[in-house]
Amino acid sequence: MTSPLTLHNGETCAAGEVPLLAAAEFREEVLQAVEGGRRIAALFGRPAGGDRVRLAAVLANGAEGTLALTSADVEKSFHSLTPDCPQAHLFEREIAEQFGLVPEGHPWMKPVRFPRGGAAVTDFFRVRGEEVHEVAVGPVHAGVIEPGHFRFQCHGEEVFHLEISLGYQHRGVERAMIEGREARRIHLIETLAGDTSIGHAMAYARAMEALSGARVPARAQALRGIALELERLANHTGDLAALANDVGYLPTASYGGRIRGDFLNLTALLCGSRFGRGLVRPGGVRFDLDPTRAAELVERLDAATRDVGEAVNLLWETPSVMARFEETGSISREVCEQLGLVGPAARACGVGRDVRHEFPYGIYRFFQIPMSTWETGDVFARAHVRWLEIQRSIPFIREQVKALPEGPARADAAHPLEAGRLCVSLVEGWRGEICHVAMTDAAGRLAAYKIVDPSFHNWTGLAMALRGQQISDFPLCNKSFNLSYCGHDL
Amino acid sequence: MFDVLLARWNQGHRTVGFPASPPALPDRFRGRPEVDPSKCPAGCRDCAEACPTGAVRFDGPSPQERPHACPPLVWRGRTTDDPGGESPLVVRPRHTDGGPASGRAGEEEGEVRGGGPGVQIDLGRCLFCTDCVDACPQGSIAYTTDHRLATRAREDLIARPGEVLKLAAALDEKARRLFGRSLKLRQVSAGGCNACEADVNVLNTVVFDLGRFGIQFVASPRHADGLLVTGPVTDNMRLALRKTWEAVPAPKIAIAVGACAISGGPYVDHPEVHNGASCEVPIDLYIPGCPPHPVTILDGLLRLLGRLDAK
């Protein structure tokens with residue numbers, strides 16, 4: 001068996017260098033890699049001529065900081081990995097849906113995004129028996145949030161099983177990345193999960209820079225780091241406020257909702273948009289941070305830091321909040337590893353997964369943020385990890401603003417993409433690992449673009465967290481993950 | 001307990017002065033664009049070519065633009081009524097005050113009235129990304145920090161050189177009597193990326209305190225006076241949007257927030273989407289942006305209710 005090709009984050013290789021195995025060997029290779037501590041960062045297919053589909057796997061090893069790549073051609077069907085490797089389940093369903101392939105032996109063969117339209121209705125798993133009842137929620141929910149369908153199998157208040165059916169947000173992002181106009185690509189990337197504009201734009205920009213051999217100025221790297229951590233601060237603060245709201249603790253809910261806006265407004269100070277639209281572009285950033293603006297940013301950051309500390313610490317001191325947070329929606333470390341969870345959800349299970357540490361990129365190669373983990377895997381752990389990360393992102397931003405490298409904020413000219421290359425670009429967004437895989441054809445055009453939002457890994461985690469819980473704790477558990485619907489549906 | 005009171009004291013009063021005083025916006029905020037065709041070299045179309053969504057155009061629809069026809073909605077093997085057509089059950093408020101006609105579903109993309117010479121920007125498609133500014137060394141296009149962008153008619157979103165944007169007029173008196181002091185809205189995200197949703201939601205925080213205007217988001221369409229739609233209306237959300245609209249008791253209003261809900265935004269003409277909310281609901285208020293700033297949304301809502309000066 002050939003050894004798989006290994007890359008570092010943001011490195012490129014010739015597309016032809018990726019080993020092409022027989023389907024059975026590919027399966028064995030992936031299983032062995034996962035057994036040996038690797039994790040499926042991406043598993044996807046692309047047309048390989050005729051009825052053939054080329055499956056490719058990106059297998060991440062955090063301890064080594066390497067990404068192993070392997071591939072195989074299949075036709076009509078292939079032997080499913082899922083029975084032996086549960087984290088492959090949604091990837092295989094996606095491949096089946098996109099190419100009409102049959103993953104033989106897949107235990108949960110259902111649609112993912114319903115790309116051929118129509119109402120997203122599937123045959124939900126059903127528990128039958130006396131006093132068992134079913135609760136259906138969505139796609140239109142009670143709050144101002146995105147659509148998705150949740151189907152609960154309950155026994156009284158207790159949830160036996162939760163099935164999550166998504167796809168309502170499918171807008172054809174990956175297809176348009178290849179077929180659509182080039183001028184539109186960055187805007188699809190910035191809106192594919194609009195609360196993670198900076199995270200996804202960074203992953204895309206780094207892939208394009210690697211494929212074109214562009215050098216990104218140090219100043220741009222630092223400014224991207226500042227923007228990414230501001231995005232994390234805003235969202236983590238908003239999540240903590242929303243968690244407080246879901247347990248009826250209004251002081252933190254109302255202060256936090258406001259302080260989240262203070263962080264968003266710092267991003268707007270930098271680039272005019274609260275969501276960082278228009279900031280990150282291949283080659284650098286479009287807005288520089290002049291000294292006056294930098295001073296204002298630090299001053300306002302200091303004020304927000306005081307406020308967020310006071311608002312969030314009220315949570316941990318309030319017994320009625322802690323009673324709802326602790327031992328609610330627990331996930332064991334074992335389940336976390338089996339499902340391949342990422343981001344704060346994984347770190348809350350004591351699993352140290354953080355792209356900034358394991359696969360450092362850009363500014364994170366030179367400045368490290370301590371990784372924040374907690375052991376209990378419950379709502380409290382997911383809240384507390386967010387709070388730890390807030391406290392660690394703030395000094396990082398201060399340090400970057402203080403020691404901003406001199407020079408331009410954007411490389412001079414755009415270079416064309418090199419032909420026949422492949423790049424894997426990982427970024428630690430606020431929800432976790434963002435993975436973009438880009439490949440060019442012989443003419444230097446984009447031939448494949450795969451996007452894995454952290455939510456794609458984590459939605460099943462939410463379903464597992466609900467088992468054995470009270471159905472009334474669903475909003476709380478859901479918010480403790482706060483996953484993206486459109487990032488999943490693309 | 002002491003900590004809670006101390007925190008309450010420290011956190012202070014944080015509600016913005018808007019609308020009584022002008023909003024504080026960052027200097028790099030990208031609001032209403034202004035075009036100066038006198039700077040344009042003859043025949044130059046660089047801005048229109050750079051525009052990702054075909055919002056920048058010369059004398060009518062851009063060459064990238066194709067009219068989008070919504071196919072009939074098929075559900076459980078049956079074809080339902082004409083999309084966007086008025087259901088006989090729906091009683092809609094009539095705009096009899098001589099104000100702009102509400103943008104009905106019939107007013108589709110492409111029915112843009114022929115303008116004078118020079119560059120025009122369709123704010124309904126504009127992402128405020130300034131790719132057009134980057135493409136124009138002459139500086140014919142500039143984005144101002146003017147946050148006021150909401151209009152009542154789709155065609156009023158076309159920004160033409162030398163013309164003042166026709167901002168949203170208030171509902172007629174009868175509708176204002178119904179909704180002016182208490183407007184309950186049901187929000188539907190139909191493919192929205194969570195940025196419009198987030199900046200609509202933020203209106204509920206102490207910063208904007210939407211409740212002081214009598215506007216509230218409610219959980220059920222049955223409790224609502226209207227819908228606020230975000231997203232380009234994906235094919236997979238179309239039926240849900242239709243059913244939610246039908247569940248709102250008449251008379252009712254509909255508001256489209258963001259480039260996606262107005263025109264499809266960055267997803268315009270994708271086969272997976274229907275180029276905005278007007279494929280399913282007749283829109284009474286258009287609030288452009290990607291996403292619109294919360295102040296832009298609030299400005300639009302208050303104009304609709306006649307609670308801001310028409311200026």
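This is a predicted model: local features need pLDDT of at least 70, side-chain atom pairs count only at pLDDT 80 or more; totals for chains, interfaces and linings use all residues.
Local features need pLDDT of at least 70 and side-chain atom pairs count only at pLDDT 80 or more, while totals for chains, interfaces and linings use all residues. Residues are numbered from 1 along each chain as its sequence is written, chains are lettered from A in the order in which they are written, and side-chain values use heavy atoms, with hydrogens and water left out.

Q: How much area do domain 1 and domain 2 of chain A bury between them?
A: An automatic or database domain assignment supplies the bounds, with domain 1 of chain A covering 5–104 and domain 2 of chain A covering 173–489. Contact, meaning heavy atoms within 4.5 Å, involves 31 residues of domain 1 of chain A and 33 residues of domain 2 of chain A. Buried area is the accessible area (1.4 Å probe) that two parts lose on being put together, summed over both; here 62% of it lies on carbon and sulfur atoms, and the total is about 2500 Å².

Q: Which residue forms a salt bridge with E433(A)?
A: A salt bridge is a side-chain nitrogen of Lys or Arg within 4 Å of a carboxyl oxygen of Asp or Glu, and two are counted between domain 1 of chain A and domain 2 of chain A. In the one formed by E433(A), the closest N and O atoms are 2.5 Å apart, and the partner is R39(A).

Q: How much area do chain B and chain A bury between them?
A: Chain B brings 65 residues to the contact and chain A brings 63 residues. Of the area buried between chain B and chain A, 50% is on carbon and sulfur atoms, and the total is about 4900 Å².

Q: Which residue of chain B forms a salt bridge with D290(A)?
A: The interface of chain B and chain A holds seven salt bridges by the rule. In the bridge made by D290(A), the closest N and O atoms are 3.8 Å apart, and the partner is R28(B).

Q: Which helix of chain B supplies the largest share of the side that touches chain A?
A: Helices (H or I, at least four residues) and strands (E, at least two) are DSSP runs, numbered from the N terminus. Elements that each supply at least two residues of this side of chain B include strand 8 (183–189), helix 6 (235–247) and helix 1 (2–11). The largest share, seven residues, comes from helix 1 of chain B.
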